[in-house]
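Hi,

Here is the structure I said I would pass on.

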Amino acid sequence: CGKISRYIVVSRSHRCIRALQTRQTEHAVPQLYTALQRRACSSLSVPRITTHYTIHSRDKDPRWEGIEMERFADEADVVIVGGGPAGLSAAIRLKQLANEHEKELRVCLVEKASQIGAHTLSGACLEPSALNELFPDWKERGAPLNTEVTEDVFSILTEKHRIPVPMLPGLPMQNHGNYIVRLGNFVRWLGEQAEELGVELYPGYAASEVLFHEDGSVKGIATNDVGIAKDGSPKDVFERGMELHAKVTLFGEGCHGHLAKQLYKQFNLRENCEPQTYAIGLKELWMIDEKKWRPGRVEHSVGWPLNRNTYGGSFLYHLNEGEPLVALGFVIGLDYSNPYLSPFREFQRWKHHPFVAPTLEGGNRIAYGARALNEGGFQSIPKLTFPGGLLIGCSPGFMNVPKIKGTHTAMKSGMLAAEAIFPQVVAEELDSETAGLHIPEYAENLKNSWVWKELRAVRNIRPSFHNYFGLYGGMVYTGIFYWILRGKEPWTLKHCGTDADQLKPAKDCTPIDYPKPDGKISFDLLSSVALSGTNHEGDQPAHLTLRDDGVPVARNLGIYDGPEQRFCPAGVYEYVPLETGDGMRLQINAQNCVHCKTCDIKDPSQNINWVVPEGGGGPAYNGM
């Protein structure tokens, strides 16, 4: 409660929020599943897997009769969902404009992580263009950009060798002028700047529901209820969430946002764009031998251990923060077809390559995490505005895929949203046909910005990998049509559909024989998840909900050999024998979830729906 008290001014509504935070904190206990716990759980009879109220309505549940369900409501000018680079940049820019024009403007930002930056994970090599615009004096303000890139290395890996690739000027992967950062630290710093400007930050509050006016426009959001038992019944400490209403609501939840999914359907926002495609990024932080430490060095690779038709690659960045730290990771496109592929185990295998392992030998792994990334690019950008709200940042997907960078574009989108919103929310007479403001100027401003130009120029690089030659054909295309023509070709390539539709039946694929981890360079999954600091209230319904509890065994296991137990980077899903010994059942270890959303994206049955757990739950990344 002490952490959030700095962000809350005294009012009735804010005391309500503080009380909710106190209850969340009192009942949060570490619940990382061990192998022993899983064996114990597998012996229990589970009548149904999903108990969440989004699947099983409380209206028809006698256990909820007589429970007070009224929610307290509070009003703001602007509500922002998500405390990442986009949401914080929007909040900061709004308050900058308000201060410049001497206007009163209440901006509230809710973030599901227990602290600002605690759910943030990225490589990250930051392009400072948007930051220069937001805070030209960021160096004087103490922004944690301590490592300017001094050396760029790009490689094609074979199983035993490395083929160097020259970094020609103008290629997307060139990082001259960029900074290696720990993005969680940078986001925390943005939060401090926002607070100083008067933004009300509420970490530990998960926005679980979009609220609508009678005319269908967005009214705001509601935070989720707390104090619900694992079986879906109310506990003695049950507290209803609260409502935050606004003239306009910005949705910056990050990749594959829970609320954005609802908005896509409600307003048909994806009607005129390609399906979004994704990747999963896995990352570790290591303390290495100081003799091997080369601050400012950036390494990227493609090739082994992936085959030519599986999109992906690696990064290894040498930080300059007073200690010999390196950030390394592996990214795999979620349009892969072999259900036996395990992104986590591919990452562990890559670390044993002769070009990589020497850097890590004698070192100590200190952190692990994973998240999904948008890879659809220009073709997959949905409609961004609707009555009462806007989409910003990685929620709609502004990542420059060949650069592997999206922070600068996310920040700029938030800033452009703020600049479009401000004149209308402070106007004495609201000029809107709906109760929630509709601000299409944001989309127009974005199309006239460097964000649109940058994404359009690289629009064909990612889909160009869908050819017989895979990786190599895509690299040739990039060399010819991007390096020479700068994306000015008169055509736009299409993606191959949703990632969930790309898996082949297990009978048509070859199982992958992964080596056992050695405990020095490669590691098992559970010891990795332990390094993520993941923590959820144990006695709550699983937030990995199933639309149909019968689908996992009948279809996913029966046809695809249970791919969720391999594509999840946290050991959330596993198939265990029934007590009777005559079949299998899916077990969901929701406490392990690192909120990467991969399951929601890649599930071939599209039966998994990720929803927010109680606020404050999830990973506790420290500068990832």
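Let's start with two helices: P85, A86, S89, A90, R93, L94, L97 and A98 in α4 meet T407, A410, M411, S413, G414, M415, A418, E419, I421 and F422 in α10. Contact here means heavy atoms within 4.5 Å, and helices (H or I, at least four residues) and strands (E, at least two) are DSSP runs numbered from the N terminus.

Before going on, a word on the source: this is a predicted model, where local features need pLDDT of at least 70 and side-chain atom pairs count only at pLDDT 80 or more, while totals for chains, interfaces and linings use all residues. Residues are numbered from 1 along each chain as its sequence is written, and side-chain values use heavy atoms, with hydrogens and water left out.

Back to the pair. α4 and α10 (residues 407–425) pack at about 35°, with axes 7 Å apart; axes are lines fitted to C-alpha atoms, for helices over the stretch in contact, and angles run from 0 to 180 degrees between N-to-C directions. Their crossing is right-handed, meaning that the near helix is turned clockwise from the far one by less than a right angle, with anticlockwise being left-handed. The residues of this contact divide into twelve nonpolar, four polar and two charged. For those classes, Ala, Val, Leu, Ile, Met, Phe, Trp, Tyr, Cys and Pro count as nonpolar, Asp, Glu, Lys and Arg as charged, and the others, Gly among them, as polar.

α4 (residues 85–100) also packs against α6 (residues 183–197), at an angle of about 25° and with the axes 9 Å apart. α4 and α6 are therefore roughly parallel (angles under 35 degrees count as such), and α4 passes α6 in a left-handed crossing. On the α4 side the contact includes L88, I92 and N99, and on the α6 side V187, L190 and L197 are among the residues involved. By class, the α4 and α6 contact has seven nonpolar, five polar and one charged.

Now the pockets. A pocket is an open set of points on a 1 Å grid over the protein atoms alone, where a 1.4 Å probe fits, with protein on both sides within 12 Å along at least five of seven lines; lining residues have an atom within 4 Å of a point.

F154, M173, V302, F465 and M475 are the closest to its centre, of 34 lining residues. Here α13 gives the most, again five residues, and the lining has 22 nonpolar, eleven polar and one charged residues.

Last, the backbone. Most residues other than glycine have a negative phi, and most peptide bonds are trans. A cis peptide bond joins G123 and A124, with omega about -10°, and A124 sits in the loop between β2 and β3. Another cis bond joins W304 and P305. D561 is not a glycine, yet has a positive phi of about 60°.

How values were computed: Parallel < 35°, antiparallel > 145°, perpendicular 65-115°, else oblique.
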